[in-house]
Amino acid sequence: MGLVRRNLPAGVMSLIGAAFLLPFVWLVVVAFQAHGTLQLSGGGSFTISHFTSVLHGGLLSALGNSLYLAGGTTVATTVIGVLAAYPLSRFRSRTQRYFIYVLVFLTGLPVIAIIIPTYDFFVAAGFINSKFWTVWFMTATALPFGTWIACSFIDAVPRELEEASWIDGMSRWGSLLRIVVPLIVPGMCVVAVYTFVNAWGEFFIPFILLQSQNAPASVTMYSYFGQYDINYSEVAAFALLYSLPPVVLYLIVTRWVGQGFALTGAIKG
Amino acid sequence: MTTGTLHPRRAAALRARLSVRGASARRLTGITMTAPLIVVVLAFLGWPIVWTLALSLTNKAITGPTALHSSFIGLANYKELFASGSGLVHSILLSLYYLVASAYIGQALFGFVIAYLMRRCPYRVRAVVGSIIVVSWLVPEIIAAWMWFTLLSDGGTLAQALHGAGIGYQTWLISHPMISVSLANSWRGVAFSYLLFSAALSDIPTDLIEAAQVDGANSWRRLSRIIVPMLSATILVDLVLITLGTLNDFTLIFAMTGGGPGTDSTVLSVFMYQQAFASFQLAYGTAIAVVLLVVGAIFAVAYIRILRRQGALEVVR
């Protein structure tokens, strides 16, 4: 009886884990089958040809567009966010406090609600279907949260370290770049990975603002919904390749920054 | 650390001197450093928010004569929106359903149960099952939608399996669209609540729980009298954040059901999209966006208040 009780949580969790794994099973099996179908079936010849055809075909450019959008958003958000987080963390004033409130407020605002005027504005300004300007819109949506987490990482750097450098005549810019930034590299990676994972998976913004040759993988993926004459195996291979970067990045960062991957820690405050 | 540290008193004196002498220089530096953030956020977030409000008072469409020459029509869009039969109430009810089923039950409650059970699991189970759950969260949303779309489609693996289990054969996305999308959203989103709760659970001192155990509190009492009250702050933060996230969710439902069949899964975000981009009523869609913005703003303010009370917005020094 005691044995059952003690092992009950592990048993239940294993079942839950298996249930969570289920959707992936179909995807992975079908991606390696020659002619996979909706119905999961064993057998069929094993092949990696679908992966190679994705990497040689037009789908590669969709992944390239995703990389452009997510990479650009990540670089812009991290640089601008850390830069703004420094005075927000270091200079005490009332303005600074309200600034933080506004950032947190913007973190919570539903981005989908402002897509219509953004579309209107992009059409009027001639920005529509431009990856470059889409990156800036995505950066703006990522910045409030990114800056806020960057703030909490800079808070953790002791001021005394900087004060010593000011005596030696270093400027604020100098102490930010030479002292603070090297110490918050792990924190910057958290900001960068969080931003990248979100931007890489973003569907709605590019769906509205970008078309055809500029569309990222998420929008390409959408075109496969409800088509019943598609090659499921090839789409599954594409889906797997597209899903890989966020998972790999997350694993690298958690290994490196440590188990307490500060995503949730930062939200908790 | 290569940089030497200062005696606290000298540091304080220095800080005072710097702050007097460099007040304006410091302000200039602060403005320069925050300028890029302010410019980008004002141009791409602040301006669209103001423009959302303005656009909702016009008759602008995507095509046709009012696309180029729109005019001010006052609150007409809102009148139309709040009139009965506009579909707004229907969408709000569906959004509430989605919120309760997929966010509060499927993510918060289920995430808590997972976090609670995981503490009593051996390391190997924790590592493997925890990774599977987190990977479900990391996968792009459109991929999650496609996986569940294919599983539940006619002839899909899960649809067949459920049929095999004795449940009448049906196309789940058509017969039960809200259950289908809620299931998918719970699967995808539970990791966030799970991570938040398991971090908070590990912060509870174990001797506190052991002491209650010694005093004769059974596991239900330990849970309801000690663990849940100690997690109340985290629970509140989790609920506010997943509310905002679910309200902002569009992709999963749009891709899986398109809001259908008919309008059976047209939650607010999908309703907004359909009016603005599928029916070309840009301005009318914006009026729905304003409703979303107002609800979002209420929860965002609640979030700020909670964080303030916890002291999470004060700079630590």
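**Ground rules**

I'm working from a predicted model, where local features need pLDDT of at least 70, side-chain atom pairs count only at pLDDT 80 or more, and totals for chains, interfaces and linings use all residues. Residues are numbered from 1 along each chain as its sequence is written, chains are lettered from A and ligands numbered from 1 in the order written, and side-chain values use heavy atoms, with hydrogens and water left out.

**Entry: the A/B interface**

I looked up contact (heavy atoms within 4.5 Å) and got 109 residues from chain B and 102 residues from chain A. The buried area comes to about 9400 Å², with carbon and sulfur atoms giving 79% of it; that is the accessible area (1.4 Å probe) the two parts lose on being put together, summed over both.

Next I checked salt bridges (a side-chain nitrogen of Lys or Arg within 4 Å of a carboxyl oxygen of Asp or Glu). The rule finds one across this interface. A:D120 pairs with B:K60 in a salt bridge, and their closest N and O atoms are 3.3 Å apart.

On the side of chain B that touches chain A, helix 2 of chain B has the largest share, 19 residues. Helices here are DSSP runs (H or I, at least four residues), numbered from the N terminus. Nonpolar covers Ala, Val, Leu, Ile, Met, Phe, Trp, Tyr, Cys and Pro, charged covers Asp, Glu, Lys and Arg, and the others, Gly among them, are polar.

**Entry: second largest pocket**

A pocket, on a 1 Å grid over the protein atoms alone, is an open set of points with protein on both sides within 12 Å along at least five of seven lines, and lining residues have an atom within 4 Å of a point. I found about 410 Å³ in the second largest pocket, the volume being the space filled by probe spheres set on the points. Its lining has 15 residues, with A:F91, A:S93, A:T95, B:R27 and B:G30 nearest the centre. Helix 2 of chain B turns up again, giving the most to this lining with seven residues. By class I noted seven nonpolar, five polar and three charged.

**Entry: second largest cavity**

A cavity is a set of points where a 1.4 Å probe fits but cannot get out. I sorted the lining into eight nonpolar, one polar and no charged residues.

Methods: Helix = DSSP H or I, 4+ residues; strand = E, 2+ residues; numbered from the N terminus.
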